Amino acid sequence: MGWRSQDEALSRLSLKNPWHFLALGFGSGLAKKAPGTFGTLAAIPLYLLLSPLPLAWYLVATLIAVIAGVYICDRASKDMGVHDHGAIVWDEVAGLLITLIAAPAGIVWLVAGFILFRIFDILKPWPIRVLDARVHGGLGIMADDVLAGVFAFGCLQGLAYLFAG
């Protein structure tokens, strides 16, 4: 495959390996440009699958995605020999699920949540930037996106309070 020959670290992964498949956001992390954005986009079908669930079950699924993500990202990172390679995007998947907790139904809210999460994930305001720099391994890979998701969740809920309710 072309993506393997261009990146030594990626050549150590296989989409046939379930941990790698998840870490790469179902393959979306292999995008040549903006893999984090593509990883966040790949989370949308998962969100749409989970969104009809009762809130408690959605929260359980999101918690599983976060906890499993620590292992998934750590495993892929170690297999690649690179900490937080751009192709590892499971953290974006979990971050969007957090952002969209109890979001109002509708495409407008989905798009707003997507944009808010990408803003926090890209800009990494304090303390997200501190977590990104100081926490390593799978926990470090996940932590900054979890916090970006929490910040985006807060903003989305604020917007929903102002405009949807």
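## A loop residue with positive phi

Phenylalanine 26 sits in the loop between α2 and α3. Helices here are DSSP runs (H or I, at least four residues), as strands are (E, at least two), numbered from the N terminus. The phi of phenylalanine 26 is near 65 degrees, a positive value in a residue other than glycine. At 33% relative accessibility, phenylalanine 26 counts as partly exposed. The cut-offs are under 20% relative accessible area for buried and over 50% for exposed, with partly exposed in between (1.4 Å probe, protein chains only).

This is a predicted model: local features need pLDDT of at least 70, side-chain atom pairs count only at pLDDT 80 or more, and totals for chains, interfaces and linings use all residues. Residues are numbered from 1 along each chain as its sequence is written, and side-chain values use heavy atoms, without hydrogens and water.

## Serine 28 in the α2–α3 loop

Serine 28 lies in the loop between α2 (18-23) and α3 (35-50). Serine 28 counts as buried, at 15% relative accessibility. Leaving out residues up to four places away in sequence, serine 28 touches Pro35, Phe38, Gly39, Ala42 and Val89. Contact means heavy atoms within 4.5 Å.

## Annotated spans

UniProt, in an unreviewed entry, places "transmembrane region" at residues 21-49, 55-73, 94-120 and 146-164. The same record type gives "domain: YutG/PgpA" (unreviewed entry) at residues 22-159. UniProt positions follow the numbering used here, feature names are shortened, and annotations may be inferred rather than shown by experiment.

Residues 21-49 are 62% helix and 0% strand, with end C-alpha atoms 19 Å apart. Residues 55-73 are 100% helix and 0% strand, and their end C-alpha atoms lie 26 Å apart. Over residues 22-159 the chain is 73% helix and 0% strand. The end C-alpha atoms of that span are 31 Å apart.

## Helix α5 against α4

Two packed helices are described by the angle between their axes and the distance between the axes. For α4 (residues 55-80) and α5 (residues 90-99), the axes come within 9 Å and cross at roughly 160 degrees. That makes α4 roughly antiparallel to α5. Axes are lines fitted to C-alpha atoms, for helices over the stretch in contact, and angles run from 0 to 180 degrees between N-to-C directions. Under 35 degrees counts as roughly parallel, over 145 as roughly antiparallel, 65 to 115 as roughly perpendicular, and the rest as oblique.

The crossing of α4 and α5 is left-handed. A crossing is left-handed if the near helix is turned anticlockwise from the far one by less than a right angle, and right-handed if clockwise. From α4, Tyr58, Thr62, Ala65, Val66, Gly69, Ile72 and Cys73 meet Trp90, Asp91, Ala94, Leu97 and Ile98 of α5. The contact residues divide into nine nonpolar, two polar and one charged. Ala, Val, Leu, Ile, Met, Phe, Trp, Tyr, Cys and Pro count as nonpolar, Asp, Glu, Lys and Arg as charged, and the others, Gly among them, as polar.

## Helix α5 against α3

The axes of α3 and α5 come within 8 Å and cross at roughly 50 degrees. That makes α3 oblique to α5. The crossing is right-handed. Gly36, Gly39, Thr40, Ala43, Ile44, Leu46, Tyr47 and Leu50 in α3 meet Trp90, Glu92, Val93, Leu96 and Leu97 in α5. By class, this contact has nine nonpolar, three polar and one charged residues.

## Other backbone features

Alanine 102 lies in the loop between α5 and α6. Its phi is positive, about 55 degrees, although alanine 102 is not a glycine. The peptide bond from tryptophan 126 to proline 127 is cis, with omega near 0 degrees. Proline 127 is in the loop between α6 (107-123) and α7 (128-134).
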